[in-house]
Amino acid sequence: MRYLDSMQDHTRFQPPGLAASLSGPIAAGLSETPISEVASSVFGQPDIVPLWFGEGDLVTPDFVRDAAAKGLEAGETFYTWQRGIPELRAALSAYTQRLYGIDCPADRITVTTGGMQAILLCCQLLLDPGDNIVIVSPIWPNITSAAKLVRAEPRYVPLDRAPDGRWTLDLDKLFDTVDERTRAIFVNSPGNPTGWTMTSEEQRAVLDFARRRGLWVMADEVYARLIYTRPVAPSFLEQARPDDPLLVLNSFSKPWAMTGWRVGWITHPASLGDQFAKLVQINTSGVPHFLQRGAIAALEKGDAFIAEMLERCRAGNELVFQRLSAQPRVTIARPEAAFYAFFSIEGVSDTMKFCLSLAKDYKVGLAPGEAFGPGGEGNVRLCFAAGADRLSKGLDRIEAAIKAL
């Protein structure tokens, strides 16, 4: 393989056996994520207990699937509104009003093909080659990939970890990482993989800083409903004016068990609507019409299901904490939100090697901490959005592996 400098001074990639080069960031700069690498190592083995990916074991509820099926039966299979059908954007407006008590007109909302596309669209809109984006980490790795795709530099500010395993953010460290090339600050709260949740005061401070410096805040709030200490997590939307430099990213995947549907949304200043419409047109031409019918049903009928999901996760959280905190070599704290345990094991520094061995020899899948960037090293992630039987079976195997170290 060879790397070439093009006329635009961007490094390109020469794959073996081909005469023409490829984009460097895409072909060579983006490797398979460590989570996928661990999963691929035992793919197809029926006795694996899969606790690596960020989804539970509940099927999307009937009322959501039925609404989508009715849309499909009605022939809603044509091109549709690029920013989402009017009914879904109106439902998202009403949902935001109900959740946070703020006015959020539909012209501030764009529907996307999942939370991942929401991240990528925002990076395409905000970042140029040579810019940087400051990211609070450990973090789900796709924001890193999205930044690299548009040839921007991801810069990380790791959360601090207390001796008892709790996570905190040093705002001074965050602000000091910003320089003249910074265009945005990315915050995932509640966080994947840590469950760390930003306070309203911290959100206000970050937004004030962004206003002063002319920066954008990208706030990933996908886990806002999956919090164990209050009805909903603090949102940047509660602190912001309608025209603030704020993009809030969300998804139907986690609260409503819709990971495979690929439907999300962005809340943004109304003036950016046309810009997002252009980007949606270029990338996907919009979310399928009939799937959006299911999303409307989730918003309008899904509160009871979210409560069920939350209690399921709360029980899983407690089970995992009780079992793992009893292990003398494990450092773990109860996450206050999301559905992950992110913990360290004394004597395990190479978490990739540990997770590969765990999958091969003990038939249980965890995510290695190195997948989540700076601050993640030396930890592993377990998704507890599953029933007690699956979790108990996985924990039995994890405990056996720890004792064998």
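Which residues in helix 5 meet which residues in helix 9? Gln 117, Leu 120, Leu 121, Cys 122, Gln 124 and Leu 125 in helix 5 are in contact (heavy atoms within 4.5 Å) with Gln 275, Phe 276, Leu 279, Val 280 and Asn 283 in helix 9. By class, this contact has seven nonpolar, four polar and no charged residues; Ala, Val, Leu, Ile, Met, Phe, Trp, Tyr, Cys and Pro count as nonpolar, Asp, Glu, Lys and Arg as charged, and the others, Gly among them, as polar.

The model is predicted, with pLDDT of at least 70 needed for local features and 80 or more for side-chain atom pairs, while totals for chains, interfaces and linings use all residues. Residues are numbered from 1 along each chain as its sequence is written, and side-chain values use heavy atoms, leaving out hydrogens and water.

Helices (H or I, at least four residues) and strands (E, at least two) are DSSP runs, numbered from the N terminus. Axes are lines fitted to C-alpha atoms, for helices over the stretch in contact, and angles run from 0 to 180 degrees between N-to-C directions.

| Element | Packs with | Angle |
|---|---|---|
| Helix 5 | Helix 9 (residues 273-283) | about 115° |
| Helix 13 (residues 388-403) | Sheet, angle taken with strand 18 | about 160° |

The axes of helix 5 and helix 9 are 10 Å apart.

Helix 5 (residues 114-126) also holds Ala 118. At 0% relative accessibility, Ala 118 counts as buried (under 20% relative accessible area, 1.4 Å probe, protein chains only). Leaving aside residues up to four places away in sequence, Ala 118 touches Thr 112, Leu 249, Trp 265 and Ile 266.

In helix 6 (residues 142-149), the residues Ile 143, Thr 144, Ala 146 and Ala 147 are buried. They lie on the same side of helix 6, because they cover an arc of only 165° around the axis, taken from the directions from the helix axis to the C-beta atoms. The buried residues of helix 6 pack against helix 5, strand 6, strand 7, strand 10 and strand 11.

An open sheet is formed by four strands in the order 14-15-18-17, with antiparallel pairing; two strands pair if DSSP finds at least two bridges between them. Strand 14 (330-331) and strand 17 (367-368) are at the edges with a single partner strand each, so one side of each has no neighbour in the sheet. Strand 15 (residues 340-345) is joined to strand 18 (residues 379-383) by five bridges; Tyr 340 has Cys 383 as its bridge partner in strand 18. Helix 13 packs on this sheet and touches strand 14, strand 15 and strand 18.

Conventions: Buried < 20%, exposed > 50% of the residue type's maximum accessible area, 1.4 Å probe, protein only.
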